[in-house]
Amino acid sequence: MHELLLYGQVSKGRHEQVVKILAGVAAMQPRRVLKRHVVYKPQREPEEPGLVNKRGGTQSIAAKNTKQAGKTDLYFTQLVQRLTEEDFGSIVSTEQALTVEGLPKWTYEFNDLPEAGNRGGALVRMTNSTDIVGGDPHAYVTSLGNQFVSEYYIEGHLFVHENINIYLHRVLHEPGVRSLETEPKQQLPGFDALQPLDPSGAYMLEAKVRVQDINNTAVTEAAAEELRRFKTQMKGCVTMNIPDRLAMDTRIRYRPQVAQPPRKPAQPMTAR
Amino acid sequence: MSGLDSLTNVALRPWPAPKKERLEPEDLLSQVEQLARERGFLRYVTEESLQEEIATGKDVTQQAAEDDEPGTQKESQTREDRLKELGTAKNELTTELEWAQFAACNALDLISLILSKDPTKTVDRSFSALFQAQKVPHASFGISKTVDLPSERQQDRDRIEQDGQRQKLVARGSRMQALDRATDSLLSAAKQFETEVSKEAEYWEEILSISQKGWSIQRLRREGQSSMFAVRYGLPEASDHFKARGLAPLRMDKDGAIILDPALTLQPKTLRVRISDKGNVVGTSCLPLETSKADDLAIENSIRLARESLLEEELYHELSMETRQLLAYGVELRDSTVHIPIPGNGANMPQRKILIDCVVRDDNDPPIHENHSQDSRAQSVAEGLRLLLAHEHRMRLFRRSQMPPPLTQHKRQKQNPPFLRTLLAMFSHLDAVECLQAYLESTIRILSSAGLNVASQVSRETAWESLTRKIESSTRKDLSSVDQIFEAFIKPFDARATLSLPSSSSLDSEQLHIAVRTLFNSPNYGTEFKVTLPPAILSALNIPGDQRRDIKFTSADEVGSYLNWVLSLDLSHNLLRRQNPTSASVTSKNTRITIIRKDGSKKIPKDIIVELANDQLTVAIGASPMLGGAASALKFTWDGTAGAPSISAKVKALLGGG
């Protein structure tokens with residue numbers, strides 16, 4: 001399915017006030033959200049761009065020149081785990097497949113590169129989310145041919161206003177070098193040990209409408225209209241606009257083979 | 001041509017008078033005034049007439065006086081005099097008008113000339129005609145100060161000095177007057193300010209007291225009123241029309257106290273539930289007006305009553321909406337009253353109906369019917385409906401807070417909240433279970449009086465039994481336990497009953513399972529009984545082993561008669577056959593079994609017919625088709641009284657006797 005998105009920035013000092021304003025707009029109490037995102041990338045290295053044309057010809061006799069398979073992009077994917085306050089500081093094995101409040105604990109998420117050109121004022125991107133209800137998620141994702149990259153945490157509040165999911169959140173991480181890990185942690189650190197990725201402690205406001213079929217213009221238009229209305233409603237409080245789509249690029253870059261120690265690739269989804 | 005030029009530029013002026021007779025302009029004015037006073041008019045004055053008058057030596061002033069005296073000549077001279085008077089008046093009028101026009105044009109020109117300095121104003125047309133003819137350019141005015149040379153004549157200087165002093169006096173006087181007026185207006189403004197302040201203070205005090213009691217106040221911007229508040233007393237999750245009604249502005253009256261808005265002075269309504277039995281009302285619910293608490297203002301009392309009335313009206317509205325969907329069950333809306341026939345097929349609830357309407361809430365209006373037997377039931381129905389409405393409001397908030405699914409073009413249908421449906425389901429289910437239980441009890445009584453050991457077990461509703469345990473151990477944090485309890489009432493009701501077959505022993509009891517399911521929606525549309533047959537009876541019924549063993553019925557009577565048939569079959573085919581293993585054989589699908597009795601050396605087949613019906617178990621000897629002829633039907637009946645012989649003994653007796 002596709003998502004239509006709008007983003008805004010909220011500084012740390014205004015966080016309280018914005019939470020109260022959003023609670024008034026959505027007419028509901030804020031719902032606390034704590035998540036852990038585990039980032040994976042495929043084990044296969046991406047091909048060099050432009051390599052396709054340099055493939056040699058075939059040796060078959062007078063065969064038509066079949067189209068060479070176009071290079072496929074490789075993407076970062078994420079495993080998202082829902083957490084509660086008590087989970088921090090305790091051992092949470094990745095095998096637990098319980099549901100938290102009726103919602104599955106682990107989801108395997110894939111976000112595509114957002115489309116160029118906005119539809120009526122919102123960023124559009126395709127996402128796919130699979131709920132994992134049993135077994136070991138890490139083993140499953142690894143068996144699909146991915147390898148662990150890193151993990152980070154998200155804390156925030158979720159509001160629902162008609163069809164819009166309003167998500168006020170920020171990214172936390174555990175400070176320190178973590179390049180040696182190969183699988184998500186078994187024991188979660190305490191909540192106080194986490195620090196915001198952005199040292200100023202600023203929050204991001206994400207307004208999202210999910211659409212089943214993007215080609216259905218009536219539905220897409222209605223969704224874009226709802227987002228526009230929300231944007232004018234939040235005028236004066238938080239400015240919502242469309243971020244740079246390449247900042248939300250989840251593709252894996254081609255890295256030429258040089259003798260360098262491997263660096264961690266940039267975290268996806270940092271809005272500027 | 002020069003001649004024409006001289007004609008166009010002619011200025012008519014009197015011949016310049018010699019110097020000593022020259023009159024200054026102000027002297028001329030005074031002369032003209034004097035002349036006008038003396039003569040009355042100057043129109044027909046010509047040189048000849050003046051010479052004439054000098055010649056005749058008349059003095060005009062005296063003439064005017066003399067003319068008044070002779071009264072005899074008055075009549076003949078009246079007409080001329082009138083004409084002269086009219087002419088004089090006409091001249092005066094014209095003169096005055098000309099002067100007035102002159103002065104007005106001067107003023108207009110002056111103002112327009114000053115205004116023409118402003119480039120944004122177009123004053124071209126506001127000059128008078130003469131001025132425009134002069135073609136004065138815009139904004140061409142200036143101020144110059146002239147120095148007045150002191151006049152030589154003494155009387156002029158005196159006059160000027162006197163004028164100056166008089167002007168000073170006048171200026172002082174008008175300044176004093178203006179200051180007086182200013183003080184007056186300031187004083188009155190201060191007084192009005194004081195009253196306004198006291199009004200506002202009173203208003204704010206009342207607003208504060210209302211807000212502290214917990215009512216939510218919001219600011220209203222209306223033209224003319226500076227601070228106007230409105231109290232929102234409606235429930236936050238009410239449906240659209242009632243949510244709009246839940247707002248009442250609070251206005252000030254002349255003392256600052258709050259005026260009751262017309263929305264708050266409506267008579268409060270309440271929901272009234274009546275139970276009628278064959279047309280007579282036998283029970284009423286009531287909600288008495290609570291007395292206001294001690295430190296409540298009158299306004300707070302009326303706000304509270306308004307909120308309760310709004311709740312009742314919303315409940316009535318939802319019920320009447322739901323009635324349309326339940327027309328198939330006999331629920332109807334007649335005379336703005338909802339008529340609900342209570343589903344019940346037993347003899348204990350024949351023609352009962354529930355009547356629901358919305359009436360004015362009144363303390364001193366006791367119900368006028370005599371019978372109050374079902375009052376408590378009506379009261380519980382009313383309270384139950386109110387609780388369901390509150391639950392529905394909470395569920396609206398809950399559903400709204402869930403993440404919405406991705407948008408598709410199918411819009412979600414909004415379903416009516418299930419108030420009447422729950423009520424009907426409750427009545428129907430309980431009644432069905434009771435009927436079933438009564439049947440099972442009587443059957444057990446009969447069968448045990450015949451010496452058979454059967455057991456049954458009935459549970460009224462499976463979810464209700466484990467409700468406390470389920471709520472205690474529930475881990476759902478998003479839904480409160482009250483709401484989880486209500487969820488159990490909105491789901492379809494399930495009851496379970498079991499009856500063991502009489503032919504089975506207590507070790508491996510085969511049981512008939514009867515499941516009662518009630519849901520006033522698809523797929524059941526009512527109460528449904530599902531009977532599951534145990535395998536032991538399948539052979540008797542000729543049902544192959546792999547087919548479904550469920551049969552569905554819609555009323556307890558049907559279940560009863562079917563179970564009678566099944567039990568009779570079981571008794572005849574299974575029990576009696578087991579008791580007479582060698583001599584019994586099944587020959588027909590009916591509840592009869594052929595037992596061959598050895599009479600000496602003859603083998604006489606006898607038919608035993610077992611029948612369970614109408615609260616009785618009957619065993620009879622029937623005609624055997626092989627024997628032919630009519631055989632007297634000897635039979636024995638059990639009807640539940642104790643002390644009867646057991647069935648096996650009786651069968652032996654019948655066989656032996658017959």
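**Figure 1. The E3–E4 hairpin of chain B in a predicted model.** Strands E3(B) and E4(B) form a hairpin in which five residues lie between the two strands. Within the turn, B:Gly256 has a positive phi of about 95°. The two strands run antiparallel and are joined by two bridges, with B:Met252 standing opposite B:Ile258 in E4(B). Strands (E, at least two residues) and helices (H or I, at least four) are DSSP runs numbered from the N terminus, and two strands pair if DSSP finds at least two bridges between them. This is a predicted model, in which local features need pLDDT of at least 70 and side-chain atom pairs count only at pLDDT 80 or more, while totals for chains, interfaces and linings use all residues. Residues are numbered from 1 along each chain as its sequence is written, chains are lettered from A and ligands numbered from 1 in the order in which they are written, and side-chain values use heavy atoms, with hydrogens and water left out.

**Figure 2. The four-stranded open sheet of chain B.** The strand order is E1-E2-E3-E4, with antiparallel pairing. Strand E1 (216–220) and strand E4 (258–259) stand at the edges; each has a single partner strand, so one side of each is left without a neighbour in the sheet. E1(B) pairs with strand E2 (residues 228–232) over five bridges in the antiparallel sense, and B:Leu220 stands opposite B:Met228 in E2(B). Four bridges join E2(B) to E3(B), again running antiparallel; here B:Arg232 stands opposite B:Leu247 in E3(B). Helix H7 (residues 154–212) lies across E1, E2, strand E3 (247–252) and E4 of chain B, and runs at about 150° to E3(B). Axes are lines fitted to C-alpha atoms, for helices over the stretch in contact, and angles run from 0 to 180 degrees between N-to-C directions.

**Figure 3. The five-stranded open sheet of chain B and the helices packed on it.** This antiparallel sheet has the order E6-E5-E9-E8-E7. At its edges stand strand E6 (280–284) and strand E7 (332–334), each with a single partner strand, so one side of each is left without a neighbour in the sheet. Neighbouring strands are turned by 30° against each other on average, direction ignored. E5(B) and strand E9 (residues 352–360) pair in the antiparallel sense over nine bridges, and B:Arg272 stands opposite B:Asp357 in E9(B). Helix H10 (residues 298–325) packs on the sheet, touching E5, E7, strand E8 (337–341) and E9 of chain B, with its direction at about 50° to that of E5(B). H11(B) also packs on the sheet; H11(B) touches E5, E6 and E9, and its direction makes about 135° with that of E5(B). Contact means heavy atoms within 4.5 Å.

**Figure 4. The crossing of helices H11 and H12 of chain B.** The axes of H11(B) and helix H12 (residues 419–449) come within 10 Å and cross at roughly 135°. The two helices are therefore oblique to each other; angles under 35 degrees count as roughly parallel, over 145 as roughly antiparallel, 65 to 115 as roughly perpendicular and the rest as oblique. Their crossing is right-handed. A crossing is left-handed if the near helix is turned anticlockwise from the far one by less than a right angle, and right-handed if clockwise. H11(B) contributes B:Arg377, B:Val381, B:Leu385, B:Leu388, B:Leu389 and B:Glu392 to the contact, and H12(B) contributes B:Phe419, B:Thr422, B:Leu423 and B:Phe427. By class, seven of these residues are nonpolar, one is polar and two are charged. Ala, Val, Leu, Ile, Met, Phe, Trp, Tyr, Cys and Pro count as nonpolar, Asp, Glu, Lys and Arg as charged, and the others, Gly among them, as polar.

**Figure 5. The crossing of helices H11 and H15 of chain B.** Helix H11 (residues 375–401) and helix H15 (residues 481–490) have axes that come within 10 Å and cross at roughly 110°. H11(B) and H15(B) are therefore roughly perpendicular to each other, and their crossing is left-handed. B:Leu387, B:Leu388, B:His391, B:Arg394 and B:Met395 in H11(B) meet B:Val482, B:Asp483, B:Phe486, B:Glu487 and B:Ile490 in H15(B). This contact has six nonpolar, one polar and three charged residues.
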